[in-house]
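Please walk me through this structure.

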Amino acid sequence: MKRILFVLMMIFISLPLFANDRNRSTPVWMMVVHEIEDYEEWRFVFDSGLSTRQSAGELSFEINRDPGDPSQIIAIFQWDTAERAQAFVDDPTVRNAMKAAGVVSDPIVTFYKGAPR
């Protein structure tokens, strides 16, 4: 009986912890595809913005190039929340920095949630 009471008490105590976990936002993946003029120039500007992106919620990134067309960049980011990722993408400063970096096409931005394993 004491064991059952102990288990029930532990469950009761931990309920707020589980509730908080459910209310936390789940990280999202954001894929950005666009065309650039010059990779070295673009990459310099991109790398210079790392701390800004991290402050805005970026958790990680990966840069890929289309093997058939190296001017096509496919950037995949993990962001802490979809809302913060969208706010970053919508920021006019970001769009201006992309143009300054030599992005010559409108970016195609897609969001994804991780699938359970």
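This is a predicted model. Begin at Phe77. Setting aside neighbours within four places in sequence, Phe77 is in contact with Val28, Trp29, Met30, Val32, Phe46, Arg53, Glu58, Ser60 and Phe61. Phe77 also belongs to the largest nonpolar core, which has 20 residues. Along with Met30, Trp42, Ile63, Ile73 and Trp79, Phe77 is among the residues that touch the most other members.

Which elements give two or more residues to this core? They are strand E1 (28-35), helix H2 (39-48), strand E3 (69-79), helix H4 (82-90) and helix H5 (92-100). E3 gives the most, with four residues.

Now turn to the sheet. It is open and has four strands, in the order E2-E3-E1-E4, with antiparallel pairing. Strand E2 (58-66) and E4 stand at the edges. Each has a single partner strand, so one side of each is left without a neighbour in the sheet. On average, neighbouring strands are turned by 20 degrees against each other, direction ignored.

Follow E1 through its pairings. E1 and E3 pair in the antiparallel sense over eight bridges. Here Val32 stands opposite Ala75 in E3. Strand E4 (residues 108-113) also runs antiparallel to E1, and six bridges join the two. Met30 stands opposite Phe111 in E4. The bridge partner of Met31 in E4 is Thr110.

H4 lies across E1, E3 and E4. H4 runs at about 175 degrees to E4.

One more residue is worth a stop. His34 is found in strand E1. Is His34 buried or exposed? Its relative accessible area is 4%, and buried means under 20%, so His34 is buried. What does His34 touch, not counting residues up to four places away in sequence? The list is Trp42, Ser71, Gln72, Ile73, Met98, Val103, Ser105 and Pro107.

How values were computed. Residues numbered from 1 in each chain as written. Predicted model: local features only at pLDDT ≥ 70, side-chain atom pairs only at ≥ 80, totals over all residues. Heavy atoms only, no water. Core = buried A, V, L, I, M, F, W, Y, C linked by side-chain atoms within 4.5 Å. Buried < 20%, exposed > 50% of the residue type's maximum accessible area, 1.4 Å probe, protein only. Contact = heavy atoms within 4.5 Å. Pairing = 2+ DSSP bridges. Axes fitted to C-alpha atoms, helices over the stretch in contact; angles between N-to-C directions.
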